[in-house]
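Trainee: I have just opened this one and would like to walk through it with you. Could we start with the strands and then move on to whatever packs around them?

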Amino acid sequence: MRIGTWLAAAITGMTLCRPAYSQTPASQAERELFASVKQARLARGLAPLRWDDRLAAAARRHAEVMAERGSAQHGFAGEPGLTTRVKQEGAHFSWLSENVTQGPTPRFIHSQFMNSAPHRANILDRDMDSIGVGAVEQGGQLFAVEDFSQMR
């Protein structure tokens, strides 16, 4: 917890119970990707996914690593795998899947996902109920991660 956050809570007399995961507001790109997933699911009669801050924190951290490395991959040497990344953020799940890519815009990225059978299957998976999206801009490219789960 940051001192400023604690101090502000103490001054206003509020009890601060902050979860271990990041509560960073979603970026514009992350909101656009989330909206695109929602629209794709609704168009096929599927329930929309709930946004989960813990999944988003794990997705954002992995997007940062991808941007630093200049490559979209599901994992890098020395980096924890998907299951560990999500658990480190405090998420409890039965199933997990992940989409990763890079591109110039959220619209382009979503199009890439929907034109790839495995990525589209993740987006349209009936068993999933939650999503977190991370997107980091580096050198004119967005590095995007969509983490899907069925929460326990």
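Mentor: Gladly, and keep in mind throughout that this is a predicted model.

Trainee: Which residue in β3 is the bridge partner of W51?

Mentor: The bridge partner of W51 in β3 is I131.

Trainee: And what packs on the sheet there?

Mentor: Helix α3, residues 53-69, packs on the sheet and touches β1, β2, β3 and β4 (141-151), with its direction making about 25° with that of β3. Helix α5, residues 106-114, also packs on the sheet, where it touches β2 and β4, and its direction makes about 120° with that of β2.

Trainee: Stepping back, what is the strand order in the sheet?

Mentor: It is an open sheet of 4 strands in the order β1-β3-β4-β2, and the pairing is mixed. The edge strands, each pairing on one side only, are β1 (50-51) and β2 (93-103).

Trainee: Back to α3, then: how far does it reach from its first C-alpha to its last?

Mentor: With 17 residues, α3 reaches 24 Å between those two atoms, close to the 24 Å expected at 1.5 Å a residue. The helix is followed by G70, whose phi is positive, near 70°.

Trainee: Which residues of α3 are buried, and what do they pack against?

Mentor: The buried residues of α3 include L55, A56, R60, H62, V65 and M66. As for partners, the buried residues of this helix pack against α2 (28-43), α4 (82-88) and the strands β1, β2, β3 and β4.

Trainee: Changing topic to V37, why does it count as buried?

Mentor: V37, which is found in helix α2, counts as buried because its relative accessibility is 2%, and the cut-off for buried is under 20%. Leaving aside residues up to four places away in sequence, V37 touches L49, H110, I123, I131, E146 and F148. Among these, L49 is 12 residues from V37 in sequence and 8.2 Å from it in space, C-alpha to C-alpha.

Key
Residues numbered from 1 in each chain as written. Predicted model: local features only at pLDDT ≥ 70, side-chain atom pairs only at ≥ 80, totals over all residues. Heavy atoms only, no water. Pairing = 2+ DSSP bridges. Contact = heavy atoms within 4.5 Å. Axes fitted to C-alpha atoms, helices over the stretch in contact; angles between N-to-C directions. Expected span 1.5 Å × (residues − 1). Buried < 20%, exposed > 50% of the residue type's maximum accessible area, 1.4 Å probe, protein only.
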